[in-house]
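Biologist: I would like to go through this structure one question at a time. Please give the cut-offs as the terms come up.

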Amino acid sequence: MKELTASELARRVLHLIVSLFILLCVTFVIGRVLPSDPVGAIVGELADPAAYEAMRTRLGLDLPLYQQFFIYLKGLLHGDFGQAILTGNSVASDMLQAFPATFELATLAVIISAVVGVPLGLAAALFRDSFIDKFARVVALVGHSIPVFWFGIVGLVIFYATLNWVGGPGRIDVFYEGMVEPVTGMLLVDSLLVGETEIFWNALSHIILPAAILAYMAMAYITRMTRSFTLEQLSQDYVIAARAKGAGPARTVAHHVLPNIAVQLITVLAISYGNLLEGAVVTEIVFSWPGIGQYMTNALMIGDMNAVLAATIIVGFVFMLLNFIADIAYAVLDPRTREVAR
């Protein structure tokens with residue numbers, strides 16, 4: 001394991017910045033050419049033409065597209081995403097409230113999916129064509145085939161409405177709302193910071209079902225890829241030699257297989273994490289989760305493009321950042337990849 005050189009790190013940072021700028025350009029253009037009417041959403045459909053044009057000028061929509069883009073870019077550099085039509089607040093303040101909810105949900109989901117998916121994939125590969133392997137493949141197939149909203153509705157009917165094992169829609173019961181001062185914006189963390197264990201357990205009962213459903217979607221991918229990586233390593237000469245010397249399955253995996261698939265698993269987990277942040281939209285709608293997905297969907301319904309653009313850019317940036325971190329980890333753990341990237 002060797003350290004990255006400054007030039008290699010700078011090249012990767014530059015690639016991240018260029019990718020983010022391209023995302024910004026594409027997102028802005030799409031947001032402006034969509035057949036939405038943010039002016040009408042503000043002044044109303046029955047407003048007189050003079051009021052309509054005055055608001056259009058105030059929003060800068062009468063300017064050429066390139067001028068609108070540079071004005072928007074200048075605002076972004078100062079942390080200004082514009083004002084949200086949906087709430088009347090600045091989009092930045094709305095994002096500070098909505099994104100932590102999605103981040104908390106996706107983080108718990110990726111932890112569950114990794115804790116379950118990686119061992120299941122390893123076991124499926126070690127005991128190929130056994131019951132464990134067949135079970136893992138069925139689990140992965142179902143996870144890839146059934147829509148997340150169906151799982152969400154069925155989960156609410158069974159575990160909330162029928163068995164009452166989990167909390168219902170939303171992040172917390174109405175009784176506890178506003179009782180914990182936001183610090184990180186993640187309710188589980190904030191409740192523990194102030195010692196409110198009752199609120200913590202209540203919040204956990206609400207998040208566990210949507211997180212488990214999201215985790216199942218990611219676990220299907222993680223299990224399948226872990227199985228594939230492990231099978232490839234098990235056929236290598238060094239593993240065959242280790243088994244011939246008497247190494248058991250557990251030792252073979254811990255000392256030979258896992259170190260060699262760690263780099264690939266990091267990439268898989270980073271991709272899964274990014275996909276969970278993007279794919280939380282449907283889950284948030286089903287569970288009335290006040291995250292960035294639900295916020296963006298509600299904004300899109302009324303043509304609030306400032307909110308939609310901000311949500312898209314933030315999620316896209318986080319996805320790129322996760323891939324950047326995975327790329328750095330890949331290069332640090334496996335220096336051979338640096339030669340390929342040059």
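Biologist: How far apart do the C-alpha centres of domain 1 and domain 2 lie?

Modeller: This is a predicted model, in which local features need pLDDT of at least 70 and side-chain atom pairs count only at pLDDT 80 or more, while totals for chains, interfaces and linings use all residues. Residues are numbered from 1 along each chain as its sequence is written, and side-chain values use heavy atoms, with hydrogens and water left out. The domain assignment (bounds from an automatic or database assignment) gives domain 1 as 6-78 and domain 2 as 95-338. The distance between their C-alpha centres is 32 Å.

Biologist: How many residues of domain 2 are in contact with domain 1?

Modeller: Contact is taken as heavy atoms within 4.5 Å. On the domain 1 side 19 residues take part. On the domain 2 side the number is 17.

Biologist: How many helices and strands does the chain hold?

Modeller: Helices (H or I, at least four residues) and strands (E, at least two) are DSSP runs, numbered from the N terminus. The C-alpha atoms fill a box of roughly 85 × 55 × 40 Å along the principal axes. The secondary structure comes to 14 helices and 0 strands.

Biologist: What share of the residues counts as buried?

Modeller: Buried means under 20% relative accessible area, exposed over 50%, and partly exposed in between (1.4 Å probe, protein chains only). The chain has 342 residues. The buried share is 43%.

Biologist: Over residues 199-222, how far apart are the end C-alpha atoms?

Modeller: UniProt, in an unreviewed entry, places the feature "transmembrane region" at residues 12-34, 105-127, 139-161, 199-222, 261-287 and 307-333; such annotations may be inferred rather than shown by experiment. Over residues 139-161 the chain is 91% helix and 0% strand, with end C-alpha atoms 25 Å apart. Over residues 199-222 it is 100% helix and 0% strand, and the end C-alpha atoms are separated by 32 Å.

Biologist: Which helix gives the largest share of the nonpolar patch?

Modeller: Patches are made of residues with over 30% relative accessible area and no salt bridge, with like charges joined within 9 Å and nonpolar side chains (Val, Leu, Ile, Met, Phe, Trp, Tyr) within 5 Å. F149, W150, I153, V157, I158, F159, L163, W165 and V282 make up this one, about 850 Å² in area (Shrake-Rupley method, 1.4 Å probe, only the protein chains shown counting as cover for residues). V282 is found in helix α11 and is partly exposed, at 33% relative accessible area. The largest share, 6 residues, comes from residues 148-162, helix α7.

Biologist: Are E104 and R171 buried or exposed?

Modeller: E104 has a relative accessibility of 6%. For R171 the relative accessible area is 15%. E104 counts as buried, and R171 is also buried.

Biologist: Which residues do salt bridges with shared partners join into one network?

Modeller: R137 forms a salt bridge with D129, the closest N and O atoms being 3.6 Å apart. D133 forms another with R227, at 2.7 Å. D133 lies in helix α6 and R227 in helix α9 (residues 197-234), so the pair ties together parts that are 94 residues apart in sequence. The network consists of D129, D133, R137 and R227.

Biologist: What is the phi value of D129?

Modeller: D129 sits in the loop between α5 (91-126) and α6 (131-145). Phi is positive here, in a residue other than glycine. The value is near 70°.

Biologist: In which loop does S288 lie?

Modeller: S288 has a positive phi, near 50°, in a residue other than glycine. At 38% relative accessibility S288 counts as partly exposed. Its loop is the one between α11 (249-286) and α12 (292-301).

Technical notes. A salt bridge is a side-chain nitrogen of Lys or Arg within 4 Å of a carboxyl oxygen of Asp or Glu.
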